[in-house]
Amino acid sequence: FLYAYRGRYMLPSAWQEPHLSHAHNIVLTYLTRLGVVGLVVGLGLHVTFWRAGLNALTADDRNSRALSIGLIGSVAYTVAHGMVDASFFFPDLAIAFLLMLGLVQSGRR
């Protein structure tokens with residue numbers, strides 16, 4: 001991404017940051033790092049999370065619902081942040097997302 005951005009895609013108004021090492025967009029990040037197959041897998045992970053999260057909201061257990069609300073809010077923030085900066089491809093962000101995916105799956109009935 002760095003060399004293609006600096007060589008072809010950088011706008012003249014972005015002269016202050018010519019050394020961006022990753023796309024500041026979640027979709028472009030998946031595409032540039034993993035290709036089309038990686039984008040499909042990434043979308044599949046998010047679809048799995050959102051289905052499990054929305055399903056867990058209907059659980060009878062109040063604690064499970066509260067956890068689901070918190071996890072849904074966290075992933076919604078992650079996706080929103082991923083539209084303007086990094087979202088997944090740093091170790092701490094990847095671990096956090098996969099942990100949230102596992103937690104929401106455990107609250108699913």
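## Surface and overall make-up

Accessible areas here come from the Shrake-Rupley method with a 1.4 Å probe. On that basis the protein chain exposes about 7100 Å², and carbon and sulfur atoms supply 66% of this area. The model is a predicted one. The protein chain has 109 residues, of which 29% count as buried.

The secondary structure consists of four helices and zero strands. Read from the N terminus, the order of elements is α-α-α-α. Contacts between residues at least 6 apart in sequence were also sorted by separation: 52% of them join residues at least 24 apart.

## Helices α2 and α3

Two packed helices are described by the angle between their axes and the distance between the axes. Helix α2 covers residues 26-56 and helix α3 covers residues 62-82. Their axes come within 10 Å and cross at roughly 160 degrees. Angles over 145 degrees count as roughly antiparallel, and α2 and α3 are therefore roughly antiparallel to each other. The crossing of α2 and α3 is left-handed.

On the α2 side, the residues in this contact are I26, H46, F49, W50, G53, L54 and A56. They meet S64, R65, S68, L71, I72, V75, A76, V79 and G82 of α3. By class, the residues of the contact of α2 with α3 are ten nonpolar, five polar and one charged.

## Helices α3 and α4

Helix α4 spans residues 91-106. The axes of α3 and α4 come within 10 Å, with a crossing angle of roughly 150 degrees. These two helices are therefore also roughly antiparallel to each other. The crossing between α3 and α4 is left-handed.

From α3, the contact uses L67, L71, S74, V75 and T78; from α4, it uses F97, M100, L103 and V104. Seven of the residues in the contact of α3 with α4 are nonpolar and two are polar, with no charged residues.

## Helices α2 and α4

The axes of α2 and α4 come within 9 Å and cross at roughly 35 degrees. This crossing, too, is left-handed. The residues of α2 that take part are L45, H46, T48, F49, A52 and G53, and those of α4 are F97, M100, L101, V104 and Q105. The contact of α2 with α4 divides into seven nonpolar and four polar residues, with no charged ones.

## Residues of helix α3

L71 is found in helix α3. The relative accessible area of L71 is 6%, so L71 is buried. Leaving out residues up to four places away in sequence, L71 touches F49, M100, L103 and V104. L71 and F49 are 22 residues apart along the chain, and their C-alpha atoms are separated by 9.4 Å.

T78 also lies in helix α3. Buried means under 20% relative accessible area, so T78 counts as buried at 17% relative accessibility. Setting aside neighbours within four places in sequence, T78 is in contact with S87 and M100. A76, another residue of helix α3, is partly exposed, with a relative accessible area of 34%. A76 and W50 are 26 residues apart in sequence, and the C-alpha to C-alpha distance between them is 9.6 Å.

## A residue of helix α2

Along the chain A56 and L67 are eleven residues apart, and their C-alpha atoms are separated by 8.9 Å.

Conventions:
Residues numbered from 1 in each chain as written. Predicted model: local features only at pLDDT ≥ 70, side-chain atom pairs only at ≥ 80, totals over all residues. Heavy atoms only, no water. Axes fitted to C-alpha atoms, helices over the stretch in contact; angles between N-to-C directions. Parallel < 35°, antiparallel > 145°, perpendicular 65-115°, else oblique. Left-handed = near helix turned anticlockwise from the far one by under 90°. Contact = heavy atoms within 4.5 Å. Nonpolar A, V, L, I, M, F, W, Y, C, P; charged D, E, K, R; others polar. Buried < 20%, exposed > 50% of the residue type's maximum accessible area, 1.4 Å probe, protein only.
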